[in-house]
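Welcome! Look over the sequence and the structure below, then try each exercise yourself before you read its solution.

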Amino acid sequence: MDIFAHFFWTYTVFHKTKKPWLATLFGILPDIFSFGILFIINLFSGKTLPRGPPDPSTVPQFVTNSYNYTHSLIIFIVAAILIYLITKKFYIFLLGWPLHIIIDIPTHTNKLFPTPFLFPLSNYQFNGISWGNPTFMKINYSLILITYIFIFRKDIAKLYKLIKK
């Protein structure tokens with residue numbers, strides 16, 4: 001799924017927690033650590049930024065390696081256990097990370113960055129529907145809009161009353 005949809009869905013799930021913005025950050029970090037670094041390198045090197053899906057053969061190996069680690073439920077579990085052992089606390093906002101992975105599993109195909117959710121224990125990857133499919137995008141963002149209207153319905157009603165005056 002695209003990074004903006006990850007942001008919106010993560011906030012939807014965690015908006016009633018104490019630190020929804022931290023959960024939202026963790027919900028987009030897997031893509032930032034994978035593709036964000038390449039984006040910054042391309043931006044500062046003066047390369048034109050590609051539109052549409054990249055040719056997998058042109059993607060640097062460090063992006064693929066990072067993607068494997070940041071999109072693995074196994075790596076998340078290990079990291080969460082280590083954080084718990086060090087701090088003696090479980091931070092709910094960390095769950096933005098596995099939410100990202102769970103959303104990606106059915107929304108990536110084997111053609112471009114299938115989600116390696118069992119890395120490094122298994123190479124199994126689910127062949128889902130592409131999040132870039134125009135029909136999927138329309139449905140996804142329509143559902144996001146409906147969800148946000150529901151979440152912020154009281155604020156929208158107050159705003160409507162102010163505008164109506």
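## Exercises on the fold

Among the contacts in the protein with a separation of 6 or more, 64% join residues 24 or more positions apart; contact here means heavy atoms within 4.5 Å. The model is predicted, so local features need pLDDT of at least 70 and side-chain atom pairs count only at pLDDT 80 or more, while totals for chains, interfaces and linings use all residues. Residues are numbered from 1 along each chain as its sequence is written, and side-chain values use heavy atoms, with hydrogens and water left out.

**Exercise 1.** Work out how many helices and how many strands there are in the protein.

*Solution.* Start with the rule: helices (H or I, at least four residues) and strands (E, at least two) are DSSP runs, numbered from the N terminus. Next, count: the protein has 7 helices and 0 strands. Finally, write the order from the N terminus: α-α-α-α-α-α-α.

**Exercise 2.** Find which residues touch the most other members of the largest nonpolar core.

*Solution.* First, the term: a nonpolar core is a set of buried Ala, Val, Leu, Ile, Met, Phe, Trp, Tyr and Cys residues joined through side-chain atoms within 4.5 Å. Buried means under 20% relative accessible area, exposed over 50%, and partly exposed in between (1.4 Å probe, protein chains only). Now look inside: the largest core has 21 residues, and Met1 and Trp9 touch the most other members. Two or more residues of this core come from each of α1 (3–14), α2 (20–44), α4 (73–87), α5 (96–104) and α6 (134–151). Another core, of 5 residues, lies apart from it, and includes Leu38, Val59, Val63 and Tyr67. As background, nonpolar side chains in soluble globular proteins tend to be buried together.

**Exercise 3.** Decide whether Thr12 is buried or exposed.

*Solution.* Locate Thr12 in helix α1. Then compare its value with the cut-off: Thr12 counts as buried because its relative accessibility is 13%. Last, list its partners: leaving out residues up to four places away in sequence, Thr12 touches Thr147, Tyr148 and Ile151.

**Exercise 4.** Compare Lys88 and Phe113: which is the buried one, and which is the exposed one?

*Solution.* Begin with the backbone. Lys88 is not a glycine, yet its phi is positive, about 60°; Phe113, also a residue other than glycine, has a positive phi near 50°. Then check the areas: Lys88 is exposed, at 59%, whereas Phe113 is buried, at 15%.
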